[in-house]
Amino acid sequence: MKLLMFSGFLGSGKTTLLLEIARRLAAGSQKIAIIENEVGEVGIDGQYLRQEGLEVQEMFGGCVCCTLSVDLITTLKKLDRLVQPQTVILEATGIARPGDIVPTVQKYASMVDEIQVLVLVDGPRYEMLLEVMNPLVTAQIGAADVVAINKIDEMGEDGVDRIRTSVKDLNEGTRVVAISAEQQINLDDLMGALQ
């Protein structure tokens with residue numbers, strides 16, 4: 001089973017992109033499941049994804065990188081036993097640090113044979129978020145296999161280039177794809193980077 005871990009600050013467009021990636025994987029005959037991690041007690045995203053016909057497990061009241069890490073392993077084992085998906089998409093909270101989650105999954109979830117971290121950055125707000133939420137944003141990007149710069153339809157090419165340079169300065173090994181999840185721009189390129 002492959003685990004695709006989604007991270008990105010609140011409002012970056014995670015749910016919109018997750019839904020499109022899930023649709024594309026399902027259209028390619030992949031069996032997928034989604035784990036939604038919500039800090040609060042109510043999961044709006046999970047309800048929405050279920051309406052789209054997707055298998056969704058929700059984890060409330062904390063973040064999978066700390067207080068819910070045991071629940072994540074239990075949930076992965078349950079999905080493996082009951083659903084047997086080829087890919088599990090984990091939409092972590094906006095405050096998650098994927099670098100803290102990966103070692104736990106590698107150690108305790110033997111059914112997961114591949115982990116990929118996708119970090120979605122909000123293009124128009126990137127520089128502000130980097131300044132205000134620096135340790136969190138840099139930790140997310142530092143753990144990313146792929147960084148998607150979202151909302152490029154709201155930005156100029158110079159802004160996209162500045163973000164690309166900044167991301168590469170933080171994690172030179174990551175692949176960077178500039179997209180618009182809402183407008184479905186460059187999503188084929190992103191799917192290619194996730195293969």
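**Entry 1: the cavity**

I looked up the largest cavity, and it holds about 70 Å³ of space. The model is predicted: local features need pLDDT of at least 70, side-chain atom pairs count only at pLDDT 80 or more, and totals for chains, interfaces and linings use all residues. Residues are numbered from 1 along each chain as its sequence is written, and side-chain values use heavy atoms, without hydrogens or water.

My terms are as follows. On a 1 Å grid over the protein atoms alone, a cavity is a set of points where a 1.4 Å probe fits but cannot get out. A pocket is an open set with protein on both sides within 12 Å along at least five of seven lines. Lining residues have an atom within 4 Å of a point. Points are joined across faces, edges and corners, and a volume is the space filled by probe spheres set on them.

I searched the whole structure and found one cavity of 30 Å³ or more. Its lining consists of Phe 9, Val 119, Leu 120, Val 121, Asp 122, Tyr 126, Leu 129, Val 137, Gln 140 and Ile 141. I sorted these by class: eight nonpolar, one polar and one charged. (Ala, Val, Leu, Ile, Met, Phe, Trp, Tyr, Cys and Pro are nonpolar; Asp, Glu, Lys and Arg are charged; the others, Gly among them, are polar.)

Which elements supply at least two lining residues each? They are strand E5 (114-122), helix H5 (126-132) and helix H6 (134-142). E5 gives the largest share, four residues. Helices (H or I, at least four residues) and strands (E, at least two) are DSSP runs, numbered from the N terminus.

**Entry 2: helix H6**

I checked burial along H6. Leu 136, Val 137, Gln 140 and Ile 141 are buried there. They lie on the same side of H6, because they cover an arc of only 125° around the axis. The arc is that of the directions from the helix axis to the C-beta atoms. Buried means under 20% relative accessible area, exposed over 50%, partly exposed in between (1.4 Å probe, protein chains only).

What covers these buried residues? The cover includes strand E1 (2-7), helix H4 (98-108), E5, H5, strand E6 (146-150) and H7.

**Entry 3: Asn 171**

I went on to Asn 171, in the loop between helix H7 (157-170) and strand E7 (175-178). Asn 171 counts as buried because its relative accessibility is 14%. A polar atom of its side chain lies 3.3 Å from the backbone oxygen of Gly 142. Leaving aside neighbours within four places in sequence, Asn 171 is in contact (heavy atoms within 4.5 Å) with Ile 141, Gly 142, Ala 143 and Ala 144.

**Entry 4: second largest pocket**

I found about 160 Å³ of space in the second largest pocket. Its lining includes Lys 2, Leu 4, Gln 86, Met 191 and Gln 195. By class, the lining has four nonpolar, four polar and one charged residues.

**Entry 5: positive phi**

I noted Ser 29, a residue other than glycine with a positive phi near 70°. Ser 29 sits in the loop between helix H1 (14-27) and strand E2 (32-37). Ser 29 is exposed, at 64% relative accessible area.

Gln 184 also has a positive phi, near 55°. Gln 184 is in the loop between E7 and helix H8 (187-193). Gln 184 is partly exposed, at 44%.

Technical notes. A polar contact is a pair of N or O atoms within 3.5 Å; within protein, one must be able to donate a hydrogen and the other to accept it, and residues adjacent in sequence count only if both atoms are side-chain atoms.
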